[in-house]
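Open the structure in your viewer and follow along, stop by stop. Each stop says what to select and what is there.

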Amino acid sequence: MRLELEPRPLPSGLWRVLAPVLAVALTALAGLVSFSILGVEPGRALWAFFLAPLTSLWGVSELLVKAAPLALIALGLAPGFRAGVWNIGAEGQLTIGAVAGAGVLLALWPSDAPWVLPTALLAGILGGAAWAWIPAVLRIRRGASEILVSLMLAYVAQLLLSTLVYGPWRDPEGFNFPQTRLFQAGLPVLVEGTRLHPGVLLAPLLAVLAWFLSGRTLLGLALSVTGRAPAAAAHAGFDRPRIVRGCLLVAGALAGLAGILEATGPIGQLVPTLTPGYGFTAIIVAFLGRLHPLGILPAALVVALAYLGGETAQIEAGLPQAVTGLFQGLLLFFLLGSEVLVCYRIRWRHPAEAGVP
Amino acid sequence: MSPELFVAVLATVVTAATPLLLAATGELVAERAGVLNLGVEGMMLVGAVAGFATALGTGNAPLALLAAALAGAGLAALFALLVLVLLADQVVSGLALTIFAVGLSALAGAGLVGTPVERLPRLDLPGLSDLPLLGPLLFGQDALVYLAHLALPTVAWFLRASRAGRVLRACGENPEAAHAMGYRVRLVRTLAVLFGGAMAGLGGAFLSLAYTPFWIEEMTAGRGWIALALVVFAAWRPARLLLGAYLFGGVAILQLHAQSLGLLPVPAQLLSMLPYLATVLVLALVAGGRQTAAPAALGRPFLPPR
C-alpha cells in the first residue's frame, strides 16, 4: 500500500473552506500537546489561551486593536499574492509609513489643529507606498526579485527608524529614552478604558470595498489570471508591469496606513520596535484568509488571538515571546499541508495497482 | 597600508564571507535541482542555535558542527515534505520555514543568551601557516572556512562533470524529461534540499561559534536572504559565488571598521544599512541579465505522472 496524490478534476470548494479550519485546529492541537508535555493541564491552557482574553471588555478590545493592522496589511498583500507579486517587506512599508506620518506630527508639534492628523495619516499612506515603489520599479525595469528587495528594505527601514529615535527625533524631555515626543494630535479612543481607535473600523470597511472591487470588476480576474497563467494574461491584454506596480503600491499604502495608525493610536509616539512583526504575520493572515477579503477578517482575529494567547503564555507560564512566532509558523505549515486537499485527492494504492491507468 | 595590515583585513573579509559562502553554496545546489528554498535564514538560525547549544553542552567542536548541519537539514526535510510531497507553493513554504525557525531558534536559545562559548579552534597547518603574509590568511583559519572553500570547487566540479550532477541539473531544467529517462526527480530534489539545509546550518554555526561566539535571537541578521541574492548574482554558477561572497564580506568589514574607528560622522545604524543596500544595488544591477540563467523549472512543482 502506498499513499498517492490524485489530481481532482476540479478544485474542491469544500476543502477550500475547510483547509484553514483544519490548519487552525491542528495548530491548536499541537499547542495543547506541547503544553501538556510542559506540564500544563490542556483544559487550563485552552482556557487561558483562547477563552480568557474574550471574557473582558479589555481583552476583546485588545483583540480588535491587534487584528486591525493585521487585516489592513493582509488586505493589501492579498491581490499581489494572487498575481504572483511577492511583497514580503510589508514590515518595512509599515515602518516607513509610521516614520513619514510621525515626521509630519513632529514638524507641527505641538499643534493639534484638526487638519494635522489627516495630513499625518496621508503621509503614512504615501510613505508606505513610496517604500513599496522601490521594489516595484526594480522588478519592472531591472528584473530584480521583489521578494529580496522588499525584504532588504525592511531591514533598512528598521535601521532608519532606529537612527531617528536614538538620534534627531529623540524626545528632548524624555530622559534619554529612545522614543519621540508623545504626539499631540493622536487618534481618539472610541470606548473609554480601551485602546480602540477609529482605525479598527477601517479594516472591515476596506475589506468590503476590496471584496466589491475584486468580485465585480475585471481587476480580480486580471490578478488571478496573471498569477496562474502569465502567458494567457499577456494574451488577454493584462499589462504585467501595471499589475506589479499596482499590487506593490496598494500593499505599501495599506501597510503604511497600518503603521501610522499604530503610531498615532495604541502607541502614541515612535519607539524602536513598533510592532511584534505585524508586517510578516500579515502574510500568514492573507493565506489563512485564502487571499479573500472576507476571509482575511476572521483570519486576522484568529491570529490576533494567538498574539494575546502568546502574551498570556509569557505571563502565566514564563514562556518567551518567541512561542508566538513558532505557532504562527506552525499554522502556516499546517495550512500549506492542508491546501493539498483542495486540488488533490489522497489515495491508498496497492503496489499491484501501480502503473494501471 | 602596510602589507601586514592588508593581509589582516583580507583575512577578516574571508571570515565575513564564510557564512554567506556556506549558505549560498547549499542554496545553489537546491536551486539547480529546481527547488527555491526561501527558508535559508531560518535554517541558518536553527543551525546557529543547535551548534551553539551542542558546543556549550559537550565542548566538542566537531559534534557541534554535526548538530548544526543536522538541524539545518532537519528543517529542510520539513520543507521538502511540504513542497515535494504535498506540492505546496515553494515561496510561501520557504517563508513559513523562516517564520517557524525564527520562533524555534529563539525558544531553544532563550536560556543561552549571554553565555560565552569557546570559539571554533583555528587549525594551523604545520609549515604553511608560518609562511610570511599569506600563511595566516590562507592557513590559519578554522574548519568551517576551509570547508566553505573546499565545498565550492567540489560543488562546481560535481555539477559540471559528474553524472549525478548532470542528473541533478536535469531535474532543475526539465523534470518531466528527467522522469521519463527513469531518474527519481523527487529523490534527487529532496537530497539537494537536504544538502542546502545542512550547509545553511553550518553557515549559521559559523556565526554563533566563530564570527561572534555567542548566541542572540535573529543573529543571522538577514544573511540568509543575502545568500539567496548571491545565488542570483552568481547566475547559478559556483565560481561567481566566491566573488559575490567576498564582495559582501568586504562590505560587512568596511561597515564594521567604519563604525569602530568612527571614520564617518554618521550614526552606526546608517552604516549598518550598507549590506542591505548593497544587496538591493547588486540585484538592481545584475538581476535583469540573470533571468535566462535561472534553472528552467526553478520553483515549479513536479508531480510524477502515474
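Select Glu146(A): at 3% relative accessibility, Glu146(A) is buried, since the cut-off for buried is under 20%. Arg139(A) is partly exposed, with a relative accessible area of 24%. This is a predicted model.

Next, go to chain B. Select Arg300(B) and Glu176(B), whose side chains meet in a salt bridge at 3.3 Å, N to O. Arg300(B) sits in the segment after α13, while Glu176(B) belongs to helix α8, so the pair links distant parts of the chain, 124 residues apart. Arg300(B) is partly exposed at 38% relative accessibility, and Glu176(B) is partly exposed at 40%.

Return to chain A. Select Glu62(A), Lys66(A), Arg195(A) and Glu311(A): salt bridges with shared partners join them into one network. Over all chains, the structure holds 9 salt bridges.

Another one pairs Arg345(A) with Glu6(A), with the closest N and O atoms 3.5 Å apart. Arg345(A) is in strand β2 and Glu6(A) in strand β1, so this pair ties together parts 339 residues apart in sequence.

Finally, show the whole of chain A. Colour by secondary structure to find 13 helices and 2 strands. The radius of gyration is 22 Å, close to the 21 Å of the globule rule for 357 residues, so chain A is as compact as a globular protein of that length. Of its residues, 53% count as buried.

Key
Residues numbered from 1 in each chain as written. Chains lettered and ligands numbered in written order. Predicted model: local features only at pLDDT ≥ 70, side-chain atom pairs only at ≥ 80, totals over all residues. Heavy atoms only, no water. Helix = DSSP H or I, 4+ residues; strand = E, 2+ residues; numbered from the N terminus. Rg over C-alpha atoms; globule rule 2.2 N^0.38 Å. Buried < 20%, exposed > 50% of the residue type's maximum accessible area, 1.4 Å probe, protein only. Salt bridge = Lys/Arg side-chain N within 4 Å of Asp/Glu carboxyl O.
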